[in-house]
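Work through the exercises below with the sequence and the model open. Each task is followed by a solution in steps.

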Amino acid sequence: MTTRGVLVRKGDAPSGRGLPTYRRIAREIQDLIDSGRLRSGDTICSERDLARAHGVSLMTARHALEDLQDAGLVTRKPGVGTFVATPR
C-alpha cells in the first residue's frame, strides 16, 4: 500500500470524448486499475488534488470517485482517503 495518493493526471488514459467529465475521470482511474498500475489498497489522490489535476470543480472530482465507489472499484474512508478496493 502506498503512503501517498496516486495522482491521476489528465491524459493518463485514452480520451473519452463525448462522456461527461466525471465519467471520463472515473474511466481514467478504472483504466489504471484494470492495467495494474493501481493495485488493491493503493491510495488515490484527494478530491482536491484530482480536481486540480483535471482543471475541474471539486464536485466533479467527487462525482467521479462516487461513480467508482458505486462500481465497487474503490472504497472511501471519510477523513482518511480513497483506496483501490479488493477485487470481489
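**Exercise 1.** In this predicted model, determine how α1 and α3 cross and which residues make the contact.

*Solution.* 
Step 1. The crossing in which α1 passes α3 is right-handed.
Step 2. From α1, the contact is made by T21, Y22, R23, I25, A26, I29 and Q30, and from α3 by T60, H63, A64, L65, D67 and L68.
Step 3. Sorted by type, the residues of this contact of α1 with α3 are seven nonpolar, four polar and two charged.
Step 4. The axes of α1 and α3 lie 8 Å apart, and the packing angle is about 50°.
Step 5. Angles of 65 to 115 degrees count as roughly perpendicular and those under 35 as roughly parallel; α1 and α3 are therefore oblique to each other.

**Exercise 2.** Find the angle at which α2 and α3 pack, and classify their arrangement.

*Solution.* 
Step 1. Locate the two helices: α2 covers residues 47-54 and α3 covers residues 58-70.
Step 2. Their axes are 8 Å apart and the angle is about 115°.
Step 3. The range for roughly perpendicular is 65 to 115 degrees, and α2 and α3 are therefore roughly perpendicular to each other.
Step 4. The crossing of α2 and α3 is right-handed.
Step 5. E47, R48, L50 and A51 of α2 meet L58, A61, R62 and L65 of α3 in this contact.
Step 6. The contact of α2 with α3 has five nonpolar residues, no polar ones and three charged ones.

**Exercise 3.** State the order of helices and strands along the protein chain, and what share of its residues is buried.

*Solution.* 
Step 1. The protein chain contains three helices and three strands.
Step 2. Along the sequence they follow the pattern α-β-α-α-β-β.
Step 3. The protein chain has 88 residues, of which 35% count as buried.
Step 4. Of the contacts between residues at least 6 apart in sequence, 55% join residues at least 24 apart.
Step 5. The protein chain exposes about 5,500 Å², with 47% of it supplied by carbon and sulfur atoms.

Key: Residues numbered from 1 in each chain as written. Predicted model: local features only at pLDDT ≥ 70, side-chain atom pairs only at ≥ 80, totals over all residues. Heavy atoms only, no water. Helix = DSSP H or I, 4+ residues; strand = E, 2+ residues; numbered from the N terminus. Buried < 20%, exposed > 50% of the residue type's maximum accessible area, 1.4 Å probe, protein only. Contact = heavy atoms within 4.5 Å. Areas by Shrake-Rupley, 256 points an atom, 1.4 Å probe, with all protein chains shown as cover. Axes fitted to C-alpha atoms, helices over the stretch in contact; angles between N-to-C directions. Parallel < 35°, antiparallel > 145°, perpendicular 65-115°, else oblique. Left-handed = near helix turned anticlockwise from the far one by under 90°. Nonpolar A, V, L, I, M, F, W, Y, C, P; charged D, E, K, R; others polar.
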